Amino acid sequence: MTPERVSEKLNSRRITATVVRQWQAQARLMCQIPELRSVDAQILVACGIVTPEALSERRPEQVLASVQPLADSAEGQKLLKTAGQPDLATVTAWIQWAANARPFRAA
């Protein structure tokens with residue numbers, strides 16, 4: 001189902017096609033990078049990193065520079081409430097996991 005159709009079916013002001021697209025990207029990341037937590041996927045997608053390839057091609061410092069403004073924002077603080085701020089070791093692990101990502105295959 002397309003994000004537009006899902007949004008239409010759910011009939012909620014808050015769940016737009018954009019939100020559904022973000023959910024889909026987060027789910028794909030988590031399917032391809034099993035070690036990734038849901039909060040990690042949410043952070044990455046919010047920063048525009050939506051594929052394992054896009055993540056694995058970046059240096060840890062680049063990824064940290066991308067996620068830090070989100071993590072420092074009110075939205076990021078709400079998202080990270082118990083997960084803690086991503087640091088260089090965390091983003092380095094994300095990149096290593098992404099380099100070993102499994103291919104995405106639809107059921």
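Guide: This is a predicted model. In it, the crossing of H5 and H7 is right-handed.

Visitor: Which residues of H7 make the contact with H5?

Guide: The contact has two sides. From H5 come Pro60, Glu61, Val63, Leu64 and Val67. From H7 come Leu88, Val91, Thr92, Trp94 and Ile95.

Visitor: How many residues of the contact of H5 with H7 are nonpolar?

Guide: Sorted by class, this contact of H5 with H7 includes one polar and one charged residue. The nonpolar residues number eight.

Visitor: Are H5 and H7 roughly parallel or roughly perpendicular to each other?

Guide: Two packed helices are described by the angle between their axes and the distance between the axes. For H5 (residues 60-72) and H7 (residues 88-99), the axes are 9 Å apart and the angle is about 115 degrees. Angles of 65 to 115 degrees count as roughly perpendicular. H5 and H7 are therefore roughly perpendicular.

Visitor: At roughly what angle do the axes of H2 and H3 cross?

Guide: H2 passes H3 in a right-handed crossing. Their axes come within 9 Å, and the angle of the crossing is roughly 125 degrees.

Visitor: What are H2 and H3 to each other, roughly perpendicular or oblique?

Guide: The axes of H2 and H3 cross at roughly 125 degrees. The range for roughly perpendicular is 65 to 115, and roughly antiparallel begins over 145. H2 and H3 are therefore oblique.

Visitor: Which residues of H3 make the contact with H2?

Guide: H2 contributes Gln22, Ala25, Gln26, Leu29 and Met30. The H3 side consists of Ser38, Ala41, Gln42, Leu44 and Val45.

Visitor: How many charged residues are in the contact of H2 with H3?

Guide: Six residues of this contact are nonpolar and four are polar. The number of charged residues is none.

Visitor: Which residues have the most contacts inside the largest nonpolar core?

Guide: The largest nonpolar core has 21 residues. H2, H3 (38-46), H5 and H7 each supply at least two residues of this core. Those with the most contacts inside the core are Leu44, Leu55, Val63 and Trp94.

Visitor: Which residues does Trp94 touch, not counting residues up to four places away in sequence?

Guide: Trp94 is on the H7 side of the contact with H5, and it is named among the core residues with the most contacts. Leaving out residues up to four places away in sequence, its partners are Leu36, Asp40, Ile43, Leu44, Leu55, Val63, Val67 and Pro86.

Technical notes
Residues numbered from 1 in each chain as written. Predicted model: local features only at pLDDT ≥ 70, side-chain atom pairs only at ≥ 80, totals over all residues. Heavy atoms only, no water. Axes fitted to C-alpha atoms, helices over the stretch in contact; angles between N-to-C directions. Helix = DSSP H or I, 4+ residues; strand = E, 2+ residues; numbered from the N terminus. Parallel < 35°, antiparallel > 145°, perpendicular 65-115°, else oblique. Left-handed = near helix turned anticlockwise from the far one by under 90°. Contact = heavy atoms within 4.5 Å. Nonpolar A, V, L, I, M, F, W, Y, C, P; charged D, E, K, R; others polar. Core = buried A, V, L, I, M, F, W, Y, C linked by side-chain atoms within 4.5 Å. Buried < 20%, exposed > 50% of the residue type's maximum accessible area, 1.4 Å probe, protein only.
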